[in-house]
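Subject: Structure handover and findings

Hi,

Here is the structure we talked about. Please open it alongside this note, and read on below for what was found.

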Amino acid sequence: MGGKKTLTVLSSALAASLLLTACSGSGSEDASSASGETEVKFMHLWPEGSSKKHYDVVNEIIADFEAENEGVTIDLEVLSNEQYKDKLRVLSTSGDLPDVGMTWAAGFLEPYVGGNMFAPLDDVIEEELSDAFVPGTAEAYALDGTTYGLPLELNIVSLYYNNAMFEEYGLEAPETYEELLEVVDAFNEEGVQPIALGNRDAWTGSLWYMYLADRLGGADTLNKAIDRSGSFEDPALVEAAAKVQELVDRDAFVNGFNGLADEEAKSMFMSEQAPMYLIATWDLPNYTTNESVPQEFRDSVDYMNFPTVDGEGDTQSFVGGPGVGLFVAEESEVKEEAKDFAAYFVKAWGEQAVEKAGVIPATKVDAASLDLPQMYIDILDELNNASNITLFADVQMSPDTAQVHLDSIQALFGNEMTPEEFAKAHEDALSKE
Amino acid sequence: MKRKGHILIGGLSLSIFQNMGLNAMNKVMSNKLHIALYIAPALLLVSVLVFIPLILSGYYGLMDWDGIGAKTFIGLENYINGIQDSKFWDSALHSFLLAVFSTLSLAIYLAVSIILASKIKGADLLRKIYLIPMLLSSVAIAQLWIKVYNPSSGILNTFLRSIGIENPPNWLADPAIVLFAIFIPILWQYAGFYILIYYAALKNIPESLIEAARIDGATPFQIATRIKLPLIKEVVSVTIVLAIVGSLKYFDLIYVMTAGGPNGASEVMASYMYKLAFNSYNFGYGSAIGFLLLIITMIVTAIVRKVTATKERIEY
């Protein structure tokens, strides 16, 4: 009997001591605010190892902010992309989000906003950033008319191609879908695999589908199908899926694309094994400034807007969207300072990002005043003249439906699904929401 | 000289242990407080890291929860959905296929171990070579095999083309073969582990038994199947359980190499669970699938243990 009792006492004592040590870690961190110093916790996802330039620009901005705002210090934590996502989720369940952090648009935001974790930022935009953003970018971070994120990046998707390879076989960059098919056939006859595609990641194939849908159905058809004012069974969207399979049947894409990651497809494009590659502007440094890519290759790469299809479509309509943006935690104890820092960061980032890190910011850029490679200037021009930017489908959709979309994309490209079944899978998933 | 001293020290310490140590030991073990002290740290760790999360995931399975916001209690709905989910059963089928192949491959490992244990030249070196995959991390193995399987520049397809096969398979992209293409590195990864276990068990068999069999005129094949195999039966049954349970909850190579694709063709139970919880933000449903995985694994383990149970104890 006595033994049992000691056992209980002992184990509860041990448990208590464990709990105490666990708590002491977080308890000490709030102490600094008592001494007149305000500490704003900031978490970002550009580690020094993999994103050196981003990392440096961030540090410069933080140093400037701290110099201008006496008594405010930024407590920095840096994680790589996937780890960042995991940590953010874990912190959110314990109500321990950083004061300022990074988020993605639309679907990613939803659960956090639903859980009341992110602060509305409309006041910040109104006061400090009115008219600063490229139209459509800040909107991607809005839910029910309230904006919860300040976008930092903007990417648009273009078809990059290897001019040297085109010249070698006497081919010209296609301006229509029909010409694209001809180019595909010509390369195949020469034994060159025409288009690099890593569809294991599936969002890559989604870009092809989205562009075909945009050209065939106009800017709104796909958006409407996703927000339920339209349908995936719209003839234009079914036709777009059919065109995807036409490309597959013509061997437009590299062998085994459904088993390749985007990284592998990229390396095929960059090692001149495949002459075309559909990707977003985040890859621009590889084709312009990145010194570790051979100069010869960088010189031979050019880009084109996605071709028209069946004589239809507006080549100034783009697929793309903002990448990461900043959020401010609703529960933050230093919310005012956090908002100030976020606004400051967005402005400073907008001024420095293109030149120093090769990132196209979501804030408007005056390309003429900057010393940039020609391809950047051209793309920034395209952006200024863009008639529409359709947000990446898997970002627009809720995470559940996005998964169905990505799986269906793989099945469509793998000829496991007909265009009609592809449409139906989306309808089923969306009607369940 | 040296050897003698060694024995002396050994004998000395043993006698000290006998005189004082054993008495003290008995005293310690009769005091319940002391027993508790010894057990508590391990018990605490196991509960915090294993049992509590197990119970929690069963509990989360009763919730409609995206992993971030509020939880809503929905009873057994997730579990019922799971049982009716054809994607879950597809992934379960893939896991069972992996279990079958892992178990069958044990026969190969056993054969290799018997050869290695029978004093052939270079056995030591070979044993080390078989162990190498075990020393690599799963992600490294996955990256290695992704390169091997690359449809255009991979070593496998380059070889197939060089012997005249014009359209070699797209190993990781073809839904009909992707599952088997992934099984190969998984089996390769664990070969060294099982060979090591078998090798140790075989080395434990007294030489005299084998000598006796040889004098009686048994062939090497007969010695392997009639003497060695029955003697390591218990070890074999343990490895069967290990292989099956390990296969049912297998995750890493599949996640890195195909992420369950294309379109679920290489999805297994654990990767499906991960996808639901972390990609679809359906934490409640993911937890329910995880709990079903646990139940399935426990049932299968119980059955396998029952089937492979040996009653007689082997003593040399």
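First, a definition: a salt bridge is a side-chain nitrogen of Lys or Arg within 4 Å of a carboxyl oxygen of Asp or Glu. By that rule, the side chains of B:Lys128 and B:Asp124 meet in a salt bridge, at 3.4 Å from N to O.

Some ground rules. This is a predicted model, where local features need pLDDT of at least 70, side-chain atom pairs count only at pLDDT 80 or more, and totals for chains, interfaces and linings use all residues. Residues are numbered from 1 along each chain as its sequence is written, chains are lettered from A and ligands numbered from 1 in the order in which they are written, and side-chain values use heavy atoms, with hydrogens and water left out.

**Salt bridges**

Over all chains, the count comes to 24 salt bridges. Back to the pair above. B:Lys128 and B:Asp124 sit 4 residues apart in helix H5 (residues 123-135) of chain B, so about one helical turn separates them. Helices (H or I, at least four residues) and strands (E, at least two) are DSSP runs, numbered from the N terminus. B:Asp124 is partly exposed, with a relative accessible area of 40%. The cut-offs: buried is under 20% relative accessible area, exposed is over 50%, and partly exposed is in between (1.4 Å probe, protein chains only).

In chain A, A:Asp185 and A:Arg250 join their side chains in a salt bridge at 2.5 Å, N to O. What does this pair tie together? A:Asp185 lies in helix H7 (residues 177-189) of chain A, and A:Arg250 in the loop between helix H10 (235-249) and H11 of chain A, so the pair links parts that are 65 residues apart in sequence. A:Asp185 is partly exposed at 28% relative accessibility. A:Arg250 is partly exposed too, at 31%.

A:Asp214 also forms a salt bridge with A:Arg215, with the closest N and O atoms 2.8 Å apart. Buried or exposed? A:Asp214 and A:Arg215 are both buried.

**Where chain B meets chain A**

Contact here means heavy atoms within 4.5 Å. 35 residues of chain B are in contact with 31 residues of chain A. The two chains bury about 2,800 Å² between them, 59% of it on carbon and sulfur atoms. On the chain B side, B:Ile68, B:Asn263 and B:Tyr281 lose the most area to chain A, together 23% of what that side buries. Buried area is the accessible area (1.4 Å probe) that two parts lose on being put together, summed over both.

The rule finds 2 salt bridges across this interface. A:Asp407 forms a salt bridge with B:Lys87, the closest N and O atoms being 3.4 Å apart. A:Asp407, B:Lys87, B:Glu267 and B:Lys275 are linked in a network of salt bridges.

Between chain B and chain A, 6 residue pairs are in polar contact (both at pLDDT 80 or more). A polar contact is a pair of N or O atoms within 3.5 Å; within protein, one must be able to donate a hydrogen and the other to accept it, and residues adjacent in sequence count only if both atoms are side-chain atoms.

Which helices of chain B supply at least two residues each to the side that touches chain A? They are H2 (32-60), H12 (252-257) and H13 (269-279). H2(B) gives the largest share, 6 residues.

**Domains of chain A**

The assignment gives domain 1 (38-153 + 323-365) and domain 2 (157-320 + 388-431) of chain A. Such bounds come from an automatic or database domain assignment. The contact takes 7 residues from domain 1 of chain A and 9 residues from domain 2 of chain A. About 560 Å² is buried between these domains, with carbon and sulfur atoms giving 67%. Across their interface the rule finds 0 salt bridges.

**One helix end in chain B**

B:Thr308 lies in helix H14 (residues 283-308) of chain B. B:Thr308 counts as buried, at 18% relative accessibility. The side chain of B:Thr308 reaches the backbone oxygen of B:Val304 at 2.8 Å. Leaving aside neighbours within four places in sequence, B:Thr308 is in contact with B:Ser237 and B:Ile240.

Best wishes
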